[in-house]
Amino acid sequence: MSQNYKIAVIGGDGTGPEVVNEGLKVLKAASKEFSFTYETKDFDFSGKRYLKTSKLVDDSDVEELKKYSAIYLGAVGDPDVKPGIIEKGVLLKLRFSLDQYINLRPVKLYDEKFCPLKDKKPADVDFIVVRENSEGLYKGMGEFKDKGTRDEVAIQISYNTRRGVERCIRYAFEYARRRNKKKKVTLCGKTNVLTYAWDLWQRTFNEVAKEYPDIATDYAHVDATTMWFVKNPEWFDVIVTDNLFGDIITDLGAMIQGGMGIAAGGNINPEGVSMFEPIGGSAPKYTGKNVINPLAAICAAGMMLDTLGETKAAEAVEKAVIKVSTKKLKSLAAGKMGYSTTEVGDLVAKNI
Ligand code: IPM
Ligand code: MN
C-alpha cells in the first residue's frame, strides 16, 4: 500500500524559501518514481511575519504541526530582527515543544574536489553526528545577578537529565548498528573540566554500551575532536554529543564535506513529528539571486524520506545528488556552482 504524507513546509527567512522549492521539486520527482503521495501546507514563520505581526510560533501552531507526518524547514534568521528572537521563537521552540530530541547530522564527502583537507577522499569523510537536541546549554536556564553593575554575574546552566542523555546515547548505538559501517560510537565531551555534566554522560554511555557488545566505543574531548576532524576524519563513524558541542562540531563537519551548501540535518522525535532542514543559515547576502546551493535542502528532503520509511526514494535522492554534484558542479559554494539554484534542483529531479 502506498502512503500519503502530510508535509508542513516552513520556508522561513532569506534563502530558505528558494532552497525548499528545489527540495519540493525533488520530492515530487521521487513520489512519481516510488509511488507514494503527499500533500504540503505552507506555514509562514518568518522574520518578515514577526516584524508585521509580532507573531512567532505559539502553542496552537505546535498543536497544528503535530498533525503532520513531517516538517520541512528552509532557514531561520532575519538581519532586521534582533539575534535570538526568531532562533528561539521559531527553531528552538519547534525543536523543544515537539521534543525532537535528536539532531542527526551526516558528514559525508561526495567528491574529493569538494574537500578542503589535503589527500582526503570520500571514504575518509563519512560519519554522522548525533547531537542531543533538547537539553544542555540550549535549555535557556540561568540568570543575571546585579545586572548592569560592575558586580554583574551571568549564569548559563547546562541542564542534563539521565533520561535525556540516555535516550540520545541509545539512539546513537542503535544508529551505529543500523548504519552497519565501522560500528563504532564515539562520545565527544569534556570530562576533564565539566565534571558534572560529562560524568553523567560518561557513566550513561558506559552503561548503554554494555547492551551493544557488537559496537565499538571511543571517547574524545570536544577540543581534540575538532583536531581529529581535520587530521583523521576517517576514525569516526557515529559521534554522540551534547547540544552545544554538537552545534559547534557540525559546522566544522559541514566544511570538511564541502560546505554549508551540502550539509543537511534532521531534528528527530522517533515517536513524534520530525523536522528536516539544511543546517546553513538564511544567507541574506544571496537571497533572491537564484545562486544559493539547494543541495543541502534536497539532502534534508532525502533524510525526511528515509525517516518516513521511503528508504528507496531516499537512496535515489542521494544517488542523484552524488551524480549531479560530482559530474556537474564546479563547487558547492553559492554563486560558484556553474549553475543556478533552480537549475541544480532541475538536474537532481531529472536524475531521480
Ligand atoms: C543550528 C543553528 C541553530 C543552533 C541556531 C540558528 C539557533 O546554529 O541549527 O545549528 O544553534 O542550533
Ligand atoms: Mn549551528
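**Exercise 1. Describe how α1 passes α10.**

Solution. Helix α1 crosses α10 with right-handed geometry. A crossing counts as right-handed if the near helix is turned clockwise from the far one by less than a right angle, and as left-handed if anticlockwise. Helices here are DSSP runs of H or I with at least four residues, strands are E runs of at least two, and both are numbered from the N terminus.

The model is predicted: local features need pLDDT of at least 70, side-chain atom pairs count only at pLDDT 80 or more, and totals for chains, interfaces and linings use all residues. Residues are numbered from 1 along each chain as its sequence is written, chains are lettered from A and ligands numbered from 1 in the order in which they are written, and side-chain values use heavy atoms, leaving out hydrogens and water.

Next, the geometry. Helix α10 spans residues 311-327, and its axis comes within 10 Å of that of α1 at a crossing of roughly 130°. Axes are lines fitted to C-alpha atoms, for helices over the stretch in contact, and angles run from 0 to 180 degrees between N-to-C directions. The pair is therefore oblique. Angles under 35 degrees count as roughly parallel, over 145 as roughly antiparallel, 65 to 115 as roughly perpendicular, and the rest as oblique.

Last, the residues. From α1 come V26, A30 and F34; from α10 come K312, A313, A316 and V317. Contact means heavy atoms within 4.5 Å. The classes are 6 nonpolar, no polar and 1 charged. Ala, Val, Leu, Ile, Met, Phe, Trp, Tyr, Cys and Pro count as nonpolar; Asp, Glu, Lys and Arg as charged; the others, Gly among them, as polar.

**Exercise 2. Work out how α1 and α11 are oriented to each other.**

Solution. Start with the axes. Those of α1 (residues 16-34) and α11 (residues 341-350) come within 9 Å and cross at roughly 15°. The two helices are therefore roughly parallel. Their crossing is right-handed. On α1, the contact uses E18, E22, K25, V26 and A29; on α11, T341, T342, G345, D346, V348 and A349. By class, the α1 and α11 contact has 4 nonpolar, 3 polar and 4 charged residues.

**Exercise 3. List the surroundings of ligand 1.**

Solution. E87, L91, R95, R105, R131, Y138 and D247 surround ligand 1, each with a heavy atom within 4 Å. Then take the polar contacts, pairs of N or O atoms within 3.5 Å. The side chain of R95 places an N or O atom 2.7 Å from an oxygen atom of ligand 1. For Y138, the side-chain distance to a ligand 1 oxygen is 2.6 Å. For D247, a polar side-chain atom lies 2.8 Å from an oxygen atom of the ligand.

Terms used. A polar contact is a pair of N or O atoms within 3.5 Å; within protein, one must be able to donate a hydrogen and the other to accept it, and residues adjacent in sequence count only if both atoms are side-chain atoms.
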